[in-house]
Amino acid sequence: MTAGWDDAVRGWSGAEQTVLFDASSVVLTRGVCRWAGVPLDEGTGEAEHLARDLVAMVDGFATAGPRHWRARRARSRQEARFAQLVEDVRSGSVAAPDASMLAAVCEHREADGAPLDPHTAAVELLNVIRPTVAVCWFIVHAAHALHLQPNQRERLRGGDTACTAAFVHEVRRFYPFAPFLGGLAVRDLSWQGVSVPADGMVLLDVFGQNHDEKLWGEPYVFRPERFLEHAVERDELIPQGGGEPRTGHRCPGEGLTIGLLEALALRVAGLQYDLPDQDLRISLRRIPARVRSGFVVRDIRMPSTSSRPA
C-alpha cells in the first residue's frame with residue numbers, strides 16, 4: 001500500500017490540484033485489490049470507477065435520500081461485477097493468485113460440500129475491500145489535523161513509532177465518522193439495571209464516549225500526547241465499536257485501519273504542498289462526517305529521500 005501511495009504522489013505532483021479524499025480512495029482501492037487478487041483494468045479507469053462505487057457504499061451509511069440510493073446502485077453494480085469474476089475464475093478464464101482472497105472465496109466449500117454461490121462470494125469479497133477503502137476518511141482527517149497543528153507534522157517526521165501510534169489513535173478519537181452504532185438484542189437482557197427486551201434496539205454512543213470528559217479530559221482538544229500518558233483500555237476508545245470483534249460489536253478490521261493509518265499518516269506528514277482557500281469544515285450533521293472540500297492540495301512536492309518514512 002505504501003509503494004502504491006508513493007507511486008501515486010508522483011502523479012499528483014504534476015497535477016494542477018488534487019482532492020486528497022478522492023485520490024487516497026483510489027490508492028487504497030488499488031492496494032487492497034492487489035492484495036485480494038482482484039484484477040483491475042487500468043486502461044479503462046476501472047480502479048477509479050471501483051473507488052467511486054466503494055466510497056458511495058460507505059457514504060450511504062445510516063442515511064436516507066440520494067446518497068442511500070446511490071449506495072444501493074453502487075453495491076448492486078459491484079456485486080454483479082464481482083459475481084461474474086468468481087464465475088470466470090471457476091471456469092478457468094481468469095486466474096486467481098494462490099492464497100489470495102479471490103482464490104479463497106472461489107474455492108470455499110460449505111459444510112455440505114457445495115461452493116459459495118457467486119453472489120455470496122462477491123459479497124464476501126466486498127466485505128473486505130469496501131472497509132479498507134473507507135480508511136480514506138481517516139487519511140483526510142489526519143491531513144486536517146496536521147494542517148491545524150503543524151507541530152504534529154514535525155513529530156511524525158521524527159519517526160518515533162509511539163508518537164505515530166498516539167497520533168493515529170487521537171485522529172480516530174477526535175474526528176467523527178459514525179456517531180453511534182446500533183444493534184438488536186438477541187434475547188432479554190439487563191445491563192446496569194436497565195432491562196432490554198429481545199429484539200430491542202441498543203445504541204452505542206460512539207461520539208459521546210470518545211468525547212467524554214471523564215475519560216479524556218479536554219475531549220475537544222486534539223492532543224495525541226494523551227495516548228503516551230495513559231494506556232487506553234479496550235472499551236474506552238471505541239471509534240469502530242466496542243467489545244471483542246468475535247463476540248461484540250467491534251469492527252474486525254480495526255487493526256488493519258490502525259496499521260494503514262500509521263503508514264500513510266507518516267507519508268501525509270512528509271508531503272509538502274500548498275493549501276488553497278476551501279471549506280475545511282466538518283459537519284456533525286453528516287453521516288459519515290467528512291471534510292466538505294475533500295481537502296484540496298496544490299503544488300505537491302515529493303519529500304526528500306532522507307526524510308521519507310521507510
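Me: Ground rule for axes: they are lines fitted to C-alpha atoms, for helices over the stretch in contact, with angles running from 0 to 180 degrees between N-to-C directions. On that basis, how do H2 and H7 cross?

Reply: This is a predicted model. In it, the axes of H2 and H7 cross at roughly 135° and come within 9 Å of each other.

Me: Left-handed or right-handed, H2 passing H7?

Reply: The crossing of H2 with H7 is right-handed.

Me: Which residues meet there, H2 to H7?

Reply: H2 brings Leu-20, Phe-21, Ser-24, Ser-25 and Leu-28, and these meet Val-135, Cys-136, Trp-137, Ile-139, Val-140 and Ala-143 of H7. Sorted by class, that contact holds nine nonpolar residues, two polar ones and no charged ones.

Me: Switching to rings. How many aromatic pairs are there?

Reply: The count is 10 aromatic pairs. One of them is Phe-21 with Trp-137, edge-to-face, at 4.8 Å centre to centre and with 85° between the planes.

Me: Where in the chain do those two partners sit?

Reply: Phe-21 is in helix H2 (residues 20-36) and Trp-137 is in helix H7 (residues 135-148), so the pair links parts of the chain 116 residues apart.

Me: Why does Phe-21 count as buried?

Reply: Phe-21 has 2% relative accessibility, and buried means under 20%. Trp-137, at 1%, counts as buried too.

Me: What about Tyr-175 and Phe-222, how do their rings sit?

Reply: Their ring centres are 6.1 Å apart and the planes are at 65°, so this pair is edge-to-face. Tyr-175 lies in the loop between helix H9 (161-174) and strand E2 (181-184), and Phe-222 in the loop between helix H11 (213-216) and helix H12 (226-229), so the pair ties together parts 47 residues apart in sequence.

Me: Tyr-175 and Phe-222, buried or exposed?

Reply: Tyr-175 and Phe-222 are both buried.

Me: Back to Phe-21: which residues form an aromatic cluster with Phe-21?

Reply: Trp-137, Phe-138 and Phe-177 form one cluster with Phe-21.

Me: Last topic, H1 and H13. At what angle do they pack?

Reply: Helix H1 (residues 2-12) packs against helix H13 (residues 254-270) at about 25°, with the axes 10 Å apart. H1 and H13 are therefore roughly parallel, and their crossing is right-handed.

Me: And which residues meet between H1 and H13?

Reply: Thr-2, Trp-5 and Asp-6 of H1 meet Ala-263, Leu-264, Arg-267 and Val-268 of H13. The contact divides into four nonpolar residues, one polar and two charged.

Definitions and conventions. Residues are numbered from 1 along each chain as its sequence is written. This is a predicted model: local features need pLDDT of at least 70, side-chain atom pairs count only at pLDDT 80 or more; totals for chains, interfaces and linings use all residues. Side-chain values use heavy atoms; hydrogens and water are left out. Helices (H or I, at least four residues) and strands (E, at least two) are DSSP runs, numbered from the N terminus. Angles under 35 degrees count as roughly parallel, over 145 as roughly antiparallel, 65 to 115 as roughly perpendicular and the rest as oblique. A crossing is left-handed if the near helix is turned anticlockwise from the far one by less than a right angle, and right-handed if clockwise. Contact means heavy atoms within 4.5 Å. Ala, Val, Leu, Ile, Met, Phe, Trp, Tyr, Cys and Pro count as nonpolar, Asp, Glu, Lys and Arg as charged, and the others, Gly among them, as polar. Rings of Phe, Tyr and Trp (its six-membered ring) pair if their centres lie within 6.5 Å; planes under 30 degrees apart count as stacked, over 60 as edge-to-face and the rest as tilted. Buried means under 20% relative accessible area, exposed over 50%, partly exposed in between (1.4 Å probe, protein chains only).
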